[in-house]
Each structure stands twice: as structure tokens, then as C-alpha cells.
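Please take a moment with the sequence and the model below before reading on.

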Amino acid sequence: MKVTVTRTPAEVKEVIKDWKKQGYSIGLVPTMGYLHEGHGSLIKKAVEENDKVMVSVFVNPIQFGPNEDLETYPRDFDADLKMIESLGADMVFHPEPSDMYASDFSTTISVAGVSENLCGARRPGHFNGVCTVVTKLFNLSEADRAYFGQKDAQQLAVVRRMVRDLNANIEIIGCPIIREDDGLAKSSRNTYLSSEERKAATVLNKALCAGKQMVEEGEKSALTVKLRIEDIISKEPLAKIDYVEITDWNSIEPVDIIDGSILCAIAVYIGNTRLIDNFIYEV
Ligand code: AMP
């Protein structure tokens with residue numbers, strides 16, 4: 001069946017009204033497009049678990065800082081549409097920024113604490129932008145479930161907290177990180193890497209695997225694990241560490257002792273490209 005393309009909130013509402021009338025369950029997959037198998041895994045799961053699936057493809061300007069890659073962020077809507085259709089989703093929402101944000105748009109959703117460390121500390125306003133657009137998409141889609149990748153682990157934690165705090169009527173489903181054969185986490189931003197940088201980028205996963213192994217073997221000192229990860233990354237000449245942090249997986253507050261569920265998250269520049277990756281260790 002052909003996927004329906006909607007461009008405005010009004011068009012989305014019309015489709016959703018019809019789905020609701022039929023009593024369908026609805027799954028939502030928010031994306032910024034330039035889709036790869038990571039996004040694909042979310043869409044597949046959503047198709048399995050819901051009667052109808054809406055995928056949004058929107059490079060959300062308010063989650064980008066002034067010196068970030070909003071202008072150059074890769075876009076290929078025709079390819080995205082083909083992939084979404086082949087995976088069996090029912091509707092794609094692909095708005096223009098002006099359809100999402102009126103010139104006098106003045107509301108921001110801000111989640112304290114959990115959004116303040118890691119990427120929140122390096123990208124001021126980023127999670128406010130994410131939470132605001134995600135809330136709009138939740139309201140427009142009236143979805144029963146929304147699918148987020150663990151690739152953006154802090155985003156997943158922030159969205160879960162927002163949904164809990166605001167009693168939003170939606171279930172947040174976290175999905176595992178999909179990787180290339182050599183371990184690099186799939187990301188639309190990998191396209192920025194030269195072939196030399198692409199090889200160097202495998203250091204992120206290598207370092208995380210070493211750290212994860214230490215934790216699995218019983219290492220309790222977050223500092224010891226962090227130092228090991230930093231040591232491996234610093235041996236790669238093209239890599240520059242933005243952060244290596246171990247936090248509580250629920251609060252995203254740094255921990256010294258690993259005795260509960262933790263998130264080990266890293267952000268590393270490979271050349272000019274900032275890549276993120278992580279592992280979660282749950283007890
Ligand atoms: P983005 O288009 O980068 O905003 O990502 C949209 C959604 O896809 C987010 O929930 C991401 O966490 C998820 N995602 C991106 N890359 C991956 C990946 N490699 N594995 C799993 N999920 C991913």
C-alpha cells in the first residue's frame with residue numbers, strides 16, 4: 001500500500017482523525033531524515049506493534065545551536081520515502097519549519113536535571129528543542145507508542161522523564177543501537193566523514209567495548225573505566241574527545257561508583273564531525 005505524505009499539521013490531524021475513528025493503534029517514529037537501518041529498525045518495530053505508523057521527517061531547527069550543522073545536515077526525502085514505504089509505514093509527515101513554528105511561536109518544554117549533563121551541557125537549548133518538537137508530534141499523532149533509539153541515550157532518558165512528569169498518554173519504546181559491520185553506530189552524520197576519518201571513527205565503539213568489558217567483569221570505579229576509554233580514544237590521531245562520562249541511567253547524574261544501572265556515553269570529534277555513542281549497563 002502507498003504511504004500517505006502529509007506536509008502540514010492540519011493534514012496530519014485529518015489522517016489521525018480517520019485512524020482514531022477506526023479504532024486503530026498508532027505508532028510514531030520521529031526522525032530528521034536521511035534514513036538508515038537504525039531508523040529502519042525503529043520503523044519495523046513500530047509496524048509490528050501498531051495498526052498504523054506515522055514517521056516524521058523533519059530537521060528541527062530549534063534543536064540546533066547557532067554554530068551547528070542545521071544548514072548542512074544531509075537531506076534526501078525521496079530516498080527516505082522509498083525506505084519508509086518499503087517498511088510498511090502508513091504516513092510520513094514532512095513539514096517545513098514554518099508549518100511547525102508560527103512567527104510568534106513562544107512555548108518551550110524544558111526538562112531540568114536529566115537534560116543538563118552530557119550533550120545538554122555542550123549543546124545549550126538542544127533538549128528544549130527536542131522536547132518541544134517531540135511534544136508537538138505526540139499531540140499531532142495522538143500515538144499510543146513512540147519509538148526512540150538508544151543511540152541518543154540521553155534523549156531517550158529526557159523524553160521518558162518528560163512523558164512521566166507531564167502524564168503524557170504515550171508509551172516510549174527504546175530500541176537498540178544498530179551498527180555498521182565494523183561497529184560504528186549508524187548515523188546520518190557519518191556521511192560527513194572522509195574515508196580516512198571513517199576508519200578512525202571505529203575507535204568510538206572499540207573504546208566503549210573495552211569499557212563495557214571492564215564493567216561486566218566487575219570494575220566498580222567509574223574513573224578507572226573512563227580513563228581506559230579515554231586512553232584508547234586518545235591513541236587515534238584524528239579523534240578529539242568532547243566528553244567521556246558515566247552517569248546513572250535514570251537521572252543522567254555522574255556516578256563515581258558503578259553499583260546501579262549506568263549509561264556510559266561519549267562524544268568524540270573525528271575531524272570536524274562530532275559523533276556520539278554509548279553503552280548502557282543495567283543491573
Ligand atoms: P535522528 O534522525 O538522528 O534524529 O534519529 C531519529 C531516531 O532514530 C532517534 O530516536 C535515534 O535515536 C534513532 N537512531 C538513530 N541512529 C540509530 C542507530 N544507529 N540505531 C538505533 N536507532 C538510531
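Leaving aside neighbours within four places in sequence, which residues is Leu263 in contact with? In this predicted model, Leu263 is in contact with Leu118 and Ala153, with the run Glu245, Ile246, Thr247, Asp248 and Trp249, with Ile252, and with Asn278, Phe279 and Ile280, once those close neighbours are set aside.

Leu263 also belongs to the largest nonpolar core, which has 45 residues, and it is listed among those with the most contacts inside that core, together with Met54, Val134, Phe138, Phe148, Ile172 and Trp249. Helix 6, spanning residues 126-141, supplies the largest share of this core, namely eight residues. In soluble globular proteins, nonpolar side chains tend to be buried together.

Turning to the rings, a search of the whole structure finds four aromatic pairs. One of them joins Phe64 and Tyr73 in an edge-to-face arrangement, with 6.0 Å centre to centre and 80 degrees between the planes, and both Phe64 and Tyr73 are buried. Another edge-to-face pair is formed by Tyr101 and Phe105, at 4.9 Å centre to centre and again with 80 degrees between the planes. Tyr101 counts as buried because its relative accessible area is 11%, under the limit of 20%, whereas Phe105, at 33% relative accessibility, counts as partly exposed. Ring pairs link Tyr101 and Phe105 with Phe58 into a cluster.

A charged side chain also meets a ring: Lys52 lies over the face of Tyr24, at 5.0 Å from the ring centre.

Conventions: Residues numbered from 1 in each chain as written. Predicted model: local features only at pLDDT ≥ 70, side-chain atom pairs only at ≥ 80, totals over all residues. Heavy atoms only, no water. Core = buried A, V, L, I, M, F, W, Y, C linked by side-chain atoms within 4.5 Å. Buried < 20%, exposed > 50% of the residue type's maximum accessible area, 1.4 Å probe, protein only. Helix = DSSP H or I, 4+ residues; strand = E, 2+ residues; numbered from the N terminus. Contact = heavy atoms within 4.5 Å. Phe/Tyr/Trp six-rings, centres within 6.5 Å; stacked < 30°, edge-to-face > 60°. Lys NZ or Arg CZ within 6 Å of the ring centre and 35° of its normal.
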